[in-house]
Amino acid sequence: MQPRPTRAVVSLGAAMIATLAQAVAADPAAAASRPAPPRPASCSISVPPVVISSGSAARTQVTRGPSCPLGSSATWSLVSPTGTEITKVTVSGTRPVTMRIPTASAAAFGRYRLVPVSGTDSEYGLMIVGPGSVNVKAGSRLSVATKGARVTAVATRYEAGSAAFTPWSRARVTLQTKSCSGSACRWTTLASARTDARGRAVLTRPKTATGQLRVVTSPTSTVGGRTVALTR
């Protein structure tokens, strides 16, 4: 019995090589004379550095940054301090967009990242999109009472778990005075203290204190500060 003729089998790789071999080589001179492709535009997001929430959600307006070209559109992913994607934010044109950030738990306060997702430029197509960030902090309140040189401050902060304002313990409270030299002014600390478990701190105003006075609670990474001006 005579053996059957074997068929030649051409692999995919061989076919690709054969196709490439038939391609016409580009003219180096012609390639050098072609104009360079336009550089992709870039776009950033403009958002307040700090947003305060004293309820179930924080709201803030975001816009495109000044580098974004006209007619462009970009999308960012809002990522929580724990790494969870909260929502996506798309900004087109010059109108601001309201961004809502849920703050129903204590874990919701902290630094949020705005991670680039996509961007298009009406003139050149794809666009480079830059990242952004925003710090979401719990709101606070501050009341001040004076009696002679004694200054009593009571600080509270918003507690997401109970949806109410509770005593802000260990808050740093400072008594400051304002002094000016020409058009340059600055605030100088006269006294400072930490609040107790009831959110209460007592400061003493020096007899030599002059100028404007105020009491300030310093902000933390998760709680916003407050300022109360003192009247003489």
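Cys-43 is buried, and Cys-68 is buried too. Keep in mind that this is a predicted model. These two cysteines are a handy way into the structure, as they are bonded to each other: a disulfide joins Cys-43 to Cys-68.

**The disulfides**

How many disulfides does a search of the whole structure find? The search turns up two. A disulfide, in general, is a covalent bond between the sulfur atoms of two cysteines. Here they are side by side:

| Disulfide | S to S | Angle about the S-S bond | Handedness |
|---|---|---|---|
| Cys-43 to Cys-68 | 1.9 Å | 85° | right-handed |
| Cys-180 to Cys-185 | 1.9 Å | 110° | right-handed |

Take the Cys-43 and Cys-68 link, with its 85° about the S-S bond. This pair ties together distant parts of the chain, 25 residues apart: Cys-43 sits in strand E1 (residues 42–43), while Cys-68 lies in the loop between E4 and E5.

Now for the other link, which joins Cys-180 to Cys-185.

Counting bonded cysteines along the chain, the disulfide pattern reads 1-2, 3-4.

**The open sheet**

On to the strands. An open sheet is built from three of them, in the order E2-E4-E7, with antiparallel pairing.

Looking at one of the pairings, E2 is joined to strand E4 (residues 57–64) by two bridges, and the two run antiparallel. Within that pair, Ile-45 stands opposite Arg-64 in E4. As background, strands of a sheet pair through backbone hydrogen bonds, either parallel or antiparallel.

**The hairpin**

Further along are strand E5 (residues 73–79) and strand E6 (residues 85–92), which pair in the antiparallel sense over seven bridges. If you want a spot to start tracing, Ser-73 stands opposite Ser-92 in E6.

What do E5 and E6 form together? They make a hairpin, with five residues between the two strands. Have a look at Gly-83 in the turn, where phi is positive, at about 90°.

Notes
Residues are numbered from 1 along each chain as its sequence is written. This is a predicted model: local features need pLDDT of at least 70, side-chain atom pairs count only at pLDDT 80 or more; totals for chains, interfaces and linings use all residues. Side-chain values use heavy atoms; hydrogens and water are left out. Two strands pair if DSSP finds at least two bridges between them. Helices (H or I, at least four residues) and strands (E, at least two) are DSSP runs, numbered from the N terminus. A disulfide is a pair of cysteine sulfur atoms within 2.5 Å. Buried means under 20% relative accessible area, exposed over 50%, partly exposed in between (1.4 Å probe, protein chains only).
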